[in-house]
Amino acid sequence: MIANAIYNKVAKLYGNADATEITDDILALMKKWQDKAPQYQNWVDQRTSYLITYGDSFSNQGEPTLTTMKTFADRHLKAALSNIHILPMFPYTSDDGFSVVDYRQVDSNLGNWEQLNALSENFDLMYDCVINHISKSSDWFQGYLAGDAKYQDYFVESDPSLDYSSVTRPRALPLHTRFSKASGEAVHVWTTFSDDQIDINFHSPKVLLESIDILLMYAANGGRSIRLDAIGFIWKKLGTTCIHLEEAHEIIKLWRIILDEVMPGTLLITETNVPHKENVSYFGSGDEAYMVYQFPLPPLTLHALMSENSETLTQWATSLTNEAMAQLAQGDKTTYFNFLASHDGIGVRPTEGILTDEDRQMMCAQVERKSGRVNYKNNGDGTQSPYELNINYLSAITEPTDSIDDKAKKFIAAQSILLSFIGVPAIYYHSLLGSENDVQGMLDSGINRRINREKLDLAKLESELADEDSLRSKVFNPMTRLLSLRQQYVAFSPQASQQVLNLGDGIFALQRGDGEEAIRFAVNLTSQAQAVVLADSGFDLISEQFMPTEFELAPYQFVWLTQQK
């Protein structure tokens, strides 16, 4: 049965002539890893949440940074978070880890697989599979340049004289990069993201087999969740957009079949920073990704707070809720991977068809005024448009002149949306820790995204967290309380229903769950008090007070109202 399912996918990708041999090779790989399968729980619930971090985000002189991360997580996070997403932890040459040299080795500056296994004692882990491209310094690409027969079809050669204008460009950088092979032959290869990130050729069955072996290795070594980075670009076909092609979806479905069989409970999560309709296509028919990144949520939440108006966020959430309820009705094990901040900037493309150009221009202007940067992409017609806002999320929402208390209040209001929304919440480490712009890090490196990637000394960090008057303390303590609190209520499960409540343009509101277990959420997005009128009174889990049917929300105040104390 499983062999037939694999054969059918392989035949779609590579044709019937080679499908039997490729299927046999895949079954051999599955057998290789079969006995190494960890025991994972079947699905996710209200107790599931993620911390997003680098392997060296926390440091303590004289020890591997993964050991330092375990120290911090075991001391401070066990009651609040269930999963830790470690951004690419492999040897790399650029892009802060996303130009991988060796997919199977842990960067020695971080530690080793033993340290990762130790970290997984108290947390499920999420690993990155950066399989669209690899570093030009990798053995794979160096072998290709050297003429090694094994690697000659591992990469996508290109001809700059042909028409590539239809290809979707995520960055304002050249699509083709010229290299010289050891034989003296000059070749151009496809480089979607940079000249140090060489696109891998999935038209080669050997590359497919490499990817399967890598995925199974990650799952066998603590990778309960696997993030498929930039996965929409993995199949190239001249004359098309080369993004979201049917073959890319078929490959993910094949991976899903294999992982479900060999490593049941492993969760595939697709990362596609694109408009919503394209993004959720990676759910397939419940047979592709378990979770997709919820890319519109960060910019729409930012827009709502910048404009002090919830209208657009409410309209979008209503359409999304209808979609989510349809998925739940079908019984699909699919949900949204919700986040507000990440190692990257705040994507602008996901707002296409939702925000106006004027809205986006307003956000770009605000970000630049607050010391952030705006990255642009090529549109293929000689024009450029905003692609990403590079700024720390707390700094984007607040004013430099705000008091510490006001900064914390505004920021926690934004996070309350993340923690209430249907799906699974993921919190970037700088959001959990109340960090602000690292402008100097950005300027020193010349890399815009470094504004939100500062590395933290553990002793200094814990000292700041212990200071009750610090911004870090005023963000971290409420955040960990909220994360712990939501674990107790089934209304916050991804399987619980969601209804958007329209309580006025200054308020964003939801009801999660039904009946006695329901929780009503409302947050004031403005600097003025807002009146709330509800059909029923309730007990607020945040203030631990009973609230009447009519009450007032102070600026940036929010409530979680339940019928049960």
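Residues are numbered from 1 along each chain as its sequence is written, and side-chain values use heavy atoms, with hydrogens and water left out. Because the model is predicted, local features need pLDDT of at least 70 and side-chain atom pairs count only at pLDDT 80 or more, while totals for chains, interfaces and linings use all residues.

**Exercise 1. Cover on the helices**

Task: How many residues of H7 are buried, and which residues of H17 are buried?

Solution. 
Step 1. Buried means under 20% relative accessible area, exposed means over 50%, and partly exposed lies in between (1.4 Å probe, protein chains only).
Step 2. In H7, 14 of the 17 residues are buried, so the helix is mostly covered.
Step 3. In H17, the buried residues are Leu471, Arg472, Ser473, Val475, Phe476, Met479, Thr480, Leu482, Leu483, Leu485 and Arg486.
Step 4. Take Val475 of H17: it counts as buried because its relative accessibility is 0%.
Step 5. For the pattern along a helix, recall that an α-helix has 3.6 residues a turn, so residues three or four places apart point the same way.

**Exercise 2. Salt bridges**

Task: Where in the chain do the partners Arg453 and Asp96 lie, and are they buried or exposed?

Solution. 
Step 1. A salt bridge is a side-chain nitrogen of Lys or Arg within 4 Å of a carboxyl oxygen of Asp or Glu. The structure holds 34 of them.
Step 2. The side chains of Arg453 and Asp96 form one, at 2.6 Å from N to O.
Step 3. This pair links distant parts of the chain, 357 residues apart. Arg453 is in the loop between helix H15 (439-445) and strand E18 (456-457), and Asp96 is in the loop between strand E3 (83-86) and helix H4 (113-119).
Step 4. Arg453 is buried, since its relative accessible area is 4%. Asp96, with 12%, is buried as well.

Task: Which strands does the salt bridge of Asp128 and Arg227 tie together?

Solution. 
Step 1. The closest N and O atoms of Asp128 and Arg227 are 2.4 Å apart.
Step 2. Asp128 lies in strand E4 (residues 124-129) and Arg227 in strand E10 (residues 223-228), so the bridge ties together parts 99 residues apart in sequence.
Step 3. Asp128 and Arg227 are both buried.

Task: What joins Asp96 to Arg449 and other residues?

Solution. 
Step 1. A further pair, Lys410 and Asp402, meets in a salt bridge at 2.8 Å, N to O. Both residues are buried.
Step 2. Salt bridges with shared partners join Asp96, Asp344, Glu388, Arg449, Arg450 and Arg453 into one network.

**Exercise 3. Positive phi**

Task: What is the phi of Ala230, and what is that of Glu308?

Solution. 
Step 1. Ala230 has a positive phi of about 50°, although it is not a glycine. Its place is in the loop between E10 and H7.
Step 2. Ala230 counts as buried because its relative accessibility is 7%.
Step 3. Glu308, also not a glycine, has a positive phi near 55°. It lies in the loop between helix H9 (297-307) and helix H10 (311-330).
Step 4. Glu308 is partly exposed, as its relative accessible area is 30%.

**Exercise 4. Sequence and space**

Task: How far apart are Pro91 and Asp102 in sequence and in space?

Solution. 
Step 1. Pro91 lies in the loop between E3 and H4.
Step 2. Pro91 and Asp102 are 11 residues apart in sequence, and their C-alpha atoms are 6.1 Å apart in space.
Step 3. Pro91 counts as partly exposed because its relative accessibility is 23%.

How values were computed: Helices (H or I, at least four residues) and strands (E, at least two) are DSSP runs, numbered from the N terminus.
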